[in-house]
Amino acid sequence: MKKIYIATFVFSTFFFAGCADDYLDVDQTESISTKDTELYNNDAGAAQFVTAIYNKFLNWDMTSFGWIGLSSITSDDADKGSSPGDTGTDKDVLDALTYNASNPSAESTFIANYDGINRCNQALNIIPKLDKADPNLRARLIGEAKFLRAFMYFTLVKCYGGVPIVDHLPVPGNDSDRIMQLTRKTSAEVYTFIEADLNDAIAALPEKTAYSVNERSRASKGAAYALLAKVSLYQKNWQKVIDNCNKITGYSIVSDYASMFRAAGKFDSESIFEIYAQGAAPAKGIEGYSNTQGARGTGGWGWGFNSPSQSLVNAYEPGDVRKAATIIFRGSTLYDGRVVPNTVENERYNYKAYSSAYTDAWETDVDIKYLRYAEVLLMKAEALNELGQTSNAIPLLNQIRNRAGLANTTFSSQVDIRNAIWRERRVEMAFEHDRFFDLVRTGQAKTAFAVDGKVFTVGKNELFPIPATFIKQAGGLSQQNPGY
Amino acid sequence: MRNFIFSFLALILLPAYMSGQVIKGKVLDQTGIGVPGAFIVAGNVSADTDFDGNFSIAAKEGTILKISLVGFESVSVPATLTPMTITLKESKDTALKEVVVIGYGTRKKIDNTTAISSIKAEEITKTKVLNASQAIQGKASGVQVISSDLPGSTPSVIIRGLGTALGGRTPLYVVDGMQTENINNINSNDITSYEILKDASALAIYGTRAANGVIIITTKKGKGEKISVEIESFAGMREPLKKVKMAGSNKYSHYSNVALQSTTFSQDQPVNTDWFDEITRTGTYTQNNISISGASESIKYFFSLGNYEEKAVLNGLDYGRTTFRNNNEYKISKKLTLNQNFSFTSGKSAPKPLSAFTNAYKQSPIVPVYFPDGKYGVSRVGNDGFASETGSSFNNVGNPVAQLNFFDEQQRSVTLQGGLKLDYEIIKSLKFTSQFNGEFYTWKQYNYDDTKNIWLAANPNKVSSDYENEFPNANINLLTKGREQYFNWNMSNYLTYNEVFGEIHDVELTAGIETSVKGPREKLTIARKNVNSNSNYWSLKGDNDYETNITSYQDEVFNETKLASYFGRFQYKLMDKYLFTGTIRRDGSSNFGKDYRWGNFPAFGLGWVITKEKFMEDVKVINLLKLRGGWGRLGNQNVPLNNQSYTSGPNSYLGGSILNLGTTISSQIDPSLSWEITEESSVGLDFELLDSRLKGAFDVYDKNTSNVILNTKPYLTSGITSASPAHVGEVSNKGFEVSLRWDDKITDDFSYWVGGNFSNNKNEITGLKDVILSPVIGGGLGNGQDTKLLDNTTVGQPLGSFYIYQYAGFDATNGKMMYYNAAGEKVTQDALNANTDKKYVGSSLPKSNYGLSLGFNYKNFDFSVDGYGTSGAKVYNGKKAQRFSGENIEESLATDFWTTNNLTASNPAPFNQVPVASTYYLESGDFFRINNITLGYKLPIQSNNLISSCRIYVNAINPFITQKFSGFSPELNGDGNPYGTQGVELDAYPTLRSFVIGANLKF
């Protein structure tokens, strides 16, 4: 008996010493552990990590109220709208360009884009490990993730200037990763990073036509070229703009401008990259996008923010079909027969956010067309003009004008054509989240805002404030933008 | 195994019976009364005296019998064949004999270097409550018990302050070796000792589970030679200790009219409902226990059966518990002992929502319980200013009687707990112990929500068809059924070596290994709509309606956790006066990452029995003086898990109508996340003076938890928005404890005692690493207002701190409530800034608590009083702070509020707005309560009767309280979370006053 117990004791000591560590490896049961990558080691599994990135663009903070505030309400195209007393948290100060360092919309947009970048980095981290998924599919998915990451960094660099480049998944506690996450890079470095991602994406992505009907919102080669052209435009790399625009093939401008912003116009021949939304249950649309911008008051269907400004109304030449396609006027009848009564609170609303079928729903079928072929033509025209090839630029500009029901431009000098292209961009792309950044890019901001009666402070208002929480976390590794 | 044991047993014991003679006798105390439970040893054989002091033992004439008993001096006499009479002398220094349980062993109290509070069995059963931890409230210094009289609730036990914010706060319970977190399944009558390990040098032997303290509970064993039967029964009635006087109908109407600036309510109301009375009843409870125990040389047995039934003060709330226990000890051979214990507990309850208390507080007295046509009263007022079925709604409070009547839920649980323990004496000084314990728990529940009828009761002006028309697809009813079970076990093997070298070096070594497994908890919850209203038909065989009517189905399996441990302890005693204890435990936990799962927990203790020194020999007034102190490191592994999971849900369409699944990872886990480490240094002094009539102890401690886990906000650029737990905080607990007790015997018929203890603890979040915390916002009132905060600004505050606006009195010109803003100006609540104007105003956790105890025995009477109090805690009057329109008010407010005619009233003008959380509703939680008064009488029974002893008693629990709080009870355990509802009186069960009569019979 004695021997048995001693033996048991000794044996169990060995047991603990020998394999206690394995003994303590307990598998999770209440949720799927990230250690279990095998579960996703197939085609469908790999695709899920990229789908999650597209999903981010439907998010409230990413694409809706805050982003509308930063990219649109701030510009001379739009006023805050809504009731005078409803600030929409901070839309009043965005409209007036009087926001300070703790601006909620600037903070939420910053956080949302980095959230999206995390999803890209998660996909880029795991997909190469999923060796049972089709290698061609994996290569394409990696291309999509890189395109989307470039897209988000482009948003960040436009809004905040140089930002930290998080190019891989940081390990908590790792010091170099900490420094990576907390140190702002220069704008030039961010642009270089974006271009590298886009070049990788171009190599990996197929043309839009290669995608099936159910995958048309995925990033394509054309989208990557178009974004690279736009990134080059922002860096005044004119030849690169032209080169990349020339590589965008298979697209054409549609004849009816207004059709592009209706349900029937999804993925038309002009659309290069659009955020796709579905209003039918189970709805997956951009959260609150239509609602926040819908007509407010009796007979309305929304909060009434982001109201087209008088300045924008004035910018349309007589006969421009784009005015009626962009702006809902109080008292008018919409294309689907809906009458907007005179009882709504604001004179004008954003037509491009209007959903006919899901008017007052939180998630509607309204897409955002971030890259259109019309812009490709305008970018190319601008670049040609800047390189002195004004006569080659004019036909491109006229293509856009003619489609809008306007005659050919009467200008011919380089300076006049430059201004004409800039004006054309404004009316062509109004309420497509471009105007504010275009004003800053082209240096028109101060004069443009002066027309609108607002003070644009040069050296400050070009960029939005970096979130105060981030500056605090950075503990000296990063500084706030000037003027905040 | 059992067959083997019995046959083995028979073989071993047979020779002893064959060869020995039987020596009989009686052991008496100095007064000539038989002493039960004395221990008699004759060589290898031992026996105990029965309840009259009689014994018989198999021994040869002339063998030396050694008779010993705690509290008496041992004697050795040679055995005689004629019946022996042995008189024991009471020992003066009882502390020398007392034994404490120290974890994986016992130690004489005098030789122990650590802080352990031992609570005796009779103290636990004296206060007639369900859970032993509630009964020990105020009886141990340094131990804070916050309890609730809600049947089946678990009291919070905080030992020497709280050292964690997000981790588990419950002490580790070790019940006969089973490590568990709850003792609701233990019948207090079965407990023989309840010991609280308080300082780190005592606790370190339990390693990563010890930071919240350890409570070791030992249940009874059989003793005495003949079978003894004990019956204990009591019955009691219960009522709320304190009620809040609410305004009557007319005062309510007056106040509400002023608030609404209208004449909505008639001031001559026909109805005056006292809602509190309507939802409560006089509670009753009974407990019956029977135990059978005894012992022979080879077996000690103990059986007990207990039943507890309570009809609670809240209408319809019932609770019942049946326990069965069997503890046996088999002496298989001289060297081998097997202990087996088993307990079965079945609980059943019909819970009722405690929000009924809040609704009763808020509902207007003008609303009848039932309208004359039998429909439930609702808060609607007609044009005549009286409550009516069709008038306009004036508050959003439901009818609390209807709420209770409609609430239909039953819960049942079964807990099986038990284990085997084998002690084997390898050689005289070396013992091997192997122990296995397991705990199986199963629980089931149903909840039936009569959705449509509830709606109709709330809308007496509507008829059945209105429901279908207004909610075309809504369910008629909803049945939720739940099941849950788990199995936890632990096994330990250890060796104990004890030897005295050279007469002065007493060495004891313990070394062992242990594993504890908390098995995966499985939970199944199914909700079904539109079931048959007859509960018999809820589970029809082959009913294929199930598929379409299931509204939710959850089948969860929670993570299993395992612990593997090595432990060792070295105890050394030099010349009976210099003591040293060193312990070490090495724990590995499956909760943590591979490289961070093993930790070492060392501790040491020193003791010096000063009274054993030569120079103290002449100091007759001091009977015992012992200085002890120690240091140790403890862990808390019950912290947020560092398991990382995929995030599913970010799905998207990609251009068509197919919804694509999306998955990502949206959390960031610090791989180095591990247990929280607490280090404690403490010093204590034990003393006995004046012939040991005055006994006491004094302890000071300094406890620091240096790596408290708090939720941090990840870097914004990480893209992770969910909070990430990290070791970033530091919490300090410093305190002292005093306990004193005076016992004296005036005559043989009269003895008395007076005792008390006082504990003070200073809890503070002392530091925070350079991080930004994701705030913990707590103490929510359900109306958008929160009362507690833990974030970067909390450094320097105690845990559980309230963070609210400061009330600045009301504006005498208009009666509006004013608050101080950050600049110190008085502003109205609309002008307050939530980010800058709130302040920390004290914690829901008390700073001090104290207990008092006194009593006497006179002839056959015994009488005792226990009191308990706390100070330094704040409580928030959450139910009062909810009023915004049309709810009832307290009478003190209804009769004294600001009007243009009463500018100097003590309360502000009536208003109709959700009030911000402010110090206006924060009150002192200080109280002193008599927890228990007991008067017992032992019937004079001849010793040769069938009944050997009968004591009848009356007991008053919580008969009196002095409190500053204006609500029901300042003792508010809530959910037990200092950042939850603890310290907030909202949906809280009131403290009860109970009167009990009972009897204890022994056969």
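Predicted model: local features only at pLDDT ≥ 70, side-chain atom pairs only at ≥ 80, totals over all residues.
Colleague: What makes up the secondary structure of chain A, and why is chain A called as compact as a globular protein of its length?

Modeller: Chain A has 20 helices and 6 strands, where helices (H or I, at least four residues) and strands (E, at least two) are DSSP runs numbered from the N terminus. The radius of gyration, taken over C-alpha atoms, is set against a globule rule of 2.2 Å times the number of residues to the power 0.38. For the 484 residues of chain A the rule gives 23 Å, and the value is 26 Å, which is close, so chain A is as compact as a globular protein of that length. Its C-alpha trace spans about 110 × 50 × 45 Å along the principal axes.

Colleague: What makes a residue count as buried, and how many in chain A do so?

Modeller: A buried residue has 20 or more other C-beta atoms within 10 Å of its own, an exposed one 12 or fewer, and a partly exposed one a number in between, with C-beta atoms placed from the backbone. By that criterion 52% of the 484 residues of chain A are buried.

Colleague: How do you know that domain 1 and domain 2 of chain A touch?

Modeller: The bounds, from an automatic or database domain assignment, are 40–205 for domain 1 of chain A and 237–272 + 370–452 for domain 2, with domain 3 at 289–353. Contact requires C-beta atoms, placed from the backbone, within 7 Å; 8 residues of domain 1 of chain A meet this with 11 residues of domain 2 of chain A. The C-alpha centres of these two domains lie 25 Å apart.

Colleague: Which parts of chain A touch chain B, and how do those residues divide?

Modeller: The contact involves 60 residues of chain A and 52 of chain B. Helices supplying at least two residues each on the chain A side include α1 (2–23), α6 (104–126) and α20 (468–474). That side divides into 30 nonpolar, 20 polar and 10 charged residues, counting Ala, Val, Leu, Ile, Met, Phe, Trp, Tyr, Cys and Pro as nonpolar, Asp, Glu, Lys and Arg as charged, and the others, Gly among them, as polar.

Colleague: Why is chain B described as compact for its length?

Modeller: Chain B has 12 helices and 55 strands. Its radius of gyration is 32 Å, close to the 30 Å from the globule rule for 1003 residues, so chain B is as compact as a globular protein of that length. Buried residues make up 45% of chain B.

Colleague: Why are β45 and β47 of chain B said to stand at the edges?

Modeller: Strands pair if DSSP finds at least two bridges between them. The open antiparallel sheet has the order β45-β46-β47 in chain B. There β45 (806–810) and β47 (826–827) of chain B each have a single partner strand, so one side of each is left without a neighbour in the sheet. Strand β46 (residues 817–820) of chain B pairs with β47(B) over 2 bridges, and Y819(B) has V827(B) as its bridge partner.

How values were computed:
Residues numbered from 1 in each chain as written. Chains lettered and ligands numbered in written order. Contact = placed C-beta atoms within 7 Å.
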